[in-house]
Amino acid sequence: MQSQPRAACHQSPSWVRGEWSVTAASALGCCRQRLLHSTHVSPPHLSPEEMESLWEPEQASMEAEENRGGELITHKTKRQERKHQELLALALGVKVHTFRGPHWCEYCANFMWGLIAQGVRCSDCGLNVHKQCSKLVPSDCQPDLRRIKKVFSCDLTTLVKAHNTTRPMVVDMCIREIELRGMKSEGLYRVSGFSEHIEDVKLAFDRDGEKADISASAYADINIIAGALKLYLRDLPIPVIPFDLYPRFIQAAKIPNAESRLEAIHESLLQLPPAHYETLRYLMAHLKRVTQFEKDNLMNAENLGIVYGPTLMQPPEQNALTTLNDMRQQKLVVQLMIEHEDVLF
């Protein structure tokens, strides 16, 4: 049953088209090349007045509304919608890009026409291309560390590729510290540390990266480090078990036959992107070692499944009823991965 994850971790890139929704926001995180774009415009043949209106689209829109009888309510609604789109884009770490000055496509080497939103830019590596060319660019870019502003809430595969590691350093560093001084801590992962201190650890990783100090001299309470690890995994834009594979794991957990259930979970694990697979494998091996100290920490595989189920698995649609109905399966999937870690991975 031993196997390795599939080599290919990404399919064709998803493109931000300026139309935002919760579902689109979830799907957006799945691409390695999140390219920021709007419409590609042909060379303008406009009057000076029309050209000026392009530079101030909101003002032009306002005047148009006033000319139609002062229907400012429509304009206000449109502005609110644009503001909502901007806030959602900001939350995802992307925004519509406008090039300043003449710019050429780095794929076809042709000029990018237009005054605003002329093309697209990869938020990972900074590649600038036409909208049409974006469909032809391979989704195998190498992220640039200068473009990665933080560690938490950064896509798992992006962080791994940028640092040229197999797993995020947050996972390695936190687990190393926990296994050094916290394996016998009662209620490990169940007991919460002070949220202010957990936030300090998050800021330290975002600011200092691998140089962040999470030693006992900085944070004596091991529950702070455990809380930071859970927060990192919970804040991933794409969960460790990605949205598109979530239904497969839930259905696998519902299989009544124990052997068939394990086989279905194993087959689902093989679909994970390499960075996700390796992170999950390393975490499950650690959690299994945690259960070996159950007499001291009171944390068996079932208890850890309750804690880590919602952290590692999140339904594609943020529906409270769906989440509630799936909690038992989430717990069971993690519990089985801990108990059978040596067989499943």
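How does Glu-278 count by its relative accessibility, as buried or exposed? Please describe its salt bridges and the helix around it as well.

Mentor: Glu-278 counts as buried, at 17% relative accessibility. Here buried means under 20% relative accessible area, exposed means over 50%, and partly exposed lies in between, with a 1.4 Å probe and protein chains only. The model is predicted, so local features need pLDDT of at least 70 and side-chain atom pairs count only at pLDDT 80 or more, while totals for chains, interfaces and linings use all residues. Residues are numbered from 1 along each chain as its sequence is written, and side-chain values use heavy atoms, with hydrogens and water left out.

Let us begin with the partner of this side chain. Glu-278 and Arg-281 form a salt bridge, with 2.6 Å between the closest N and O atoms. The term denotes a side-chain nitrogen of Lys or Arg within 4 Å of a carboxyl oxygen of Asp or Glu. Side chains of opposite charge can pair when their charged atoms come close. Both residues belong to helix α12 (residues 274–291), where a spacing of three residues separates them by about one helical turn. Helices (H or I, at least four residues) and strands (E, at least two) are DSSP runs, numbered from the N terminus. Arg-281 counts as partly exposed, at 26% relative accessibility.

Another of them joins the side chains of Glu-177 and Arg-181, at 2.7 Å from N to O. These two lie four residues apart in helix α7 (residues 169–181), again about one helical turn. Glu-177 is buried at 13% relative accessibility, whereas Arg-181 is partly exposed at 26%.

A further salt bridge connects Glu-302 with Lys-331, the closest N and O atoms being 3.7 Å apart. This pair links distant parts of the chain, 29 residues apart: Glu-302 is in helix α14 (residues 301–312) and Lys-331 in helix α15 (residues 320–339). Glu-302 is partly exposed, with a relative accessible area of 38%, while Lys-331 is buried, with 19%.

Helix α14 brings us back to α12. The axes of these two helices come within 10 Å and cross at roughly 155 degrees. Axes are lines fitted to C-alpha atoms, for helices over the stretch in contact, and angles run from 0 to 180 degrees between N-to-C directions. The two helices are therefore roughly antiparallel; angles under 35 degrees count as roughly parallel, over 145 as roughly antiparallel, 65 to 115 as roughly perpendicular and the rest as oblique. In this contact (heavy atoms within 4.5 Å), Leu-280, Leu-283, Met-284, Leu-287, Val-290 and Thr-291 of α12 meet Ala-301, Leu-304, Tyr-308 and Leu-312 of α14. The residues of this contact divide into nine nonpolar, one polar and no charged. In this scheme Ala, Val, Leu, Ile, Met, Phe, Trp, Tyr, Cys and Pro are nonpolar, Asp, Glu, Lys and Arg are charged, and the others, Gly among them, are polar.

Finally, helix α15 also holds Asp-326, which is buried, with a relative accessible area of 10%. Leaving aside neighbours within four places in sequence, Asp-326 is in contact with Tyr-246 and Ile-250. The C-alpha atoms of Asp-326 and Ile-250 are separated by 7.2 Å, although the residues are 76 apart along the chain.
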